[in-house]
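Thanks for coming, everyone. Let me put the structure up, and then we'll walk through it.

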Amino acid sequence: MVLSMGRWVGKVAIVTGASSGIGAAIAQQLVKEGLKVAALARRRDKLEVLATKLYSEKGKLYPITTDVSKEEDILNAFRWIKENLGPVHILINNAGIFRSGDLSEGDTEDWKSSLNVNVIGLCIATREAIRDMKANKVDGHIIHINSIVGHNILALPGWNIYPASKFAITALAETLRVELKLAKSKIKITSLSPGPVHTEILPDSIMELIERMVEQKEILESEDIADAVIYVLSTPSSCTGTLQDSALKNSNLTSWVKYNYWFSGHDVSRLELSEQILENPRMIHCFCGK
Ligand SMILES: NC(=O)c1ccc[n+]([C@@H]2O[C@H](COP(=O)([O-])OP(=O)(O)OC[C@H]3O[C@@H](n4cnc5c(N)ncnc54)[C@H](OP(=O)(O)O)[C@@H]3O)[C@@H](O)[C@H]2O)c1
């Protein structure tokens with residue numbers, strides 16, 4: 001399989017939550033690869049700093065102030081992109097929040113805002129991207145930044161509604177995959193599930209643990225996730241069968257591939273089985289299909 005970002009050069013990618021952490025790293029990497037990146041987030045100042053930093057790169061970053069918990073904001077962002085940048089080819093649904101606490105004592109507003117950002121905002125952006133791709137006959141790629149807690153509940157306190165919001169993403173990705181397949185669409189959908197990543201989202205209550213993990217290099221950095229995104233985007237549009245053959249030789253799936261790989265530093269070549277996801281905090285679980 002030949003990995004190449006060639007077909008995306010000069011095309012439009014939308015990254016939600018691009019002002020910090022994983023989203024900023026993905027946006028930066030896509031600009032370096034030569035894409036026009038519409039960077040969505042609420043903190044305009046941070047987006048502007050990123051745009052300036054990337055000024056002399058091959059592509060360009062366009063800051064768009066957007067609160068993804070507000071439908072009107074998302075619709076306005078897509079309108080601006082359509083009028084000023086062109087057809088959408090890639091959507092990275094990355095914006096997310098984590099409100100720690102116990103469900104038995106939970107705050108209703110925290111639950112609503114978590115679901116609005118992590119789930120409903122993602123659904124609206126996905127719907128708008130698919131509409132745009134269909135209207136322009138673009139075989140694009142949508143990537144949901146999920147989490148390992150979107151597949152397994154960890155035996156740790158304070159997770160609140162966050163895992164439920166990520167389990168929803170697992171279901172949404174699979175539902176969309178089936179929908180697109182039945183419609184014979186060539187739009188690809190990937191759900192990418194990192195383990196712990198060293199970013200602002202992690203709650204203060206586990207900072208001691210995080211600092212220890214950072215010291216021992218047991219935590220992912222945002223750049224590792226950006227590498228994973230570039231890897232997934234670099235697979236050919238018809239890659240699913242090829243990957244399936246090489247990654248899951250004993251699979252009887254025919255039209256899509258479910259594969260897991262983990263990163264040791266920037267090594268994307270090693271393929272591991274999903275049961276091992278929770279044994280190694282540096283692991284990224286990636287499901288890709290169409
Ligand atoms: N860090 C981890 O361990 C980890 C592991 C697995 C998955 N993830 C997922 O990775 C994604 C990125 O998180 P991160 O770790 O990079 O944390 P982060 O640094 O806190 O980034 C979160 C991003 O989401 C944006 N955001 C939050 N609410 C928003 C809203 N209402 N509208 C628009 N943008 C909003 C933030 O921008 P503004 O505040 O400027 O709006 C920020 O850019 C999340 O979906 C998270 O669940 C993280």
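Which residues are exposed on the other side of helix 3? Glu72, Arg79, Glu83 and Asn84 are.

Some ground rules. This is a predicted model: local features need pLDDT of at least 70, side-chain atom pairs count only at pLDDT 80 or more, and totals for chains, interfaces and linings use all residues. Residues are numbered from 1 along each chain as its sequence is written. Helices (H or I, at least four residues) and strands (E, at least two) are DSSP runs, numbered from the N terminus.

Back to helix 3, residues 71-84. Its buried residues are Ile74, Ala77, Phe78 and Ile81. They cover an arc of only 95° around the axis, so they sit on the same side of helix 3. That arc is taken from the directions from the helix axis to the C-beta atoms.

Now strand 4, residues 88-93. Here 6 of the 6 residues are buried, so strand 4 is largely enclosed by the rest of the structure. Strand 4 pairs with strand 1 (residues 12-16) in the parallel sense, over 4 bridges. Pairing takes at least two bridges found by DSSP. In that pair, isoleucine 14 stands opposite leucine 91. Strand 5 (residues 141-145) also pairs with strand 4 in the parallel sense, over 4 bridges. There, isoleucine 90 stands opposite histidine 141.

Note on methods. Buried ≥ 20, exposed ≤ 12 C-beta atoms within 10 Å, placed from the backbone. Expected span 1.5 Å × (residues − 1).
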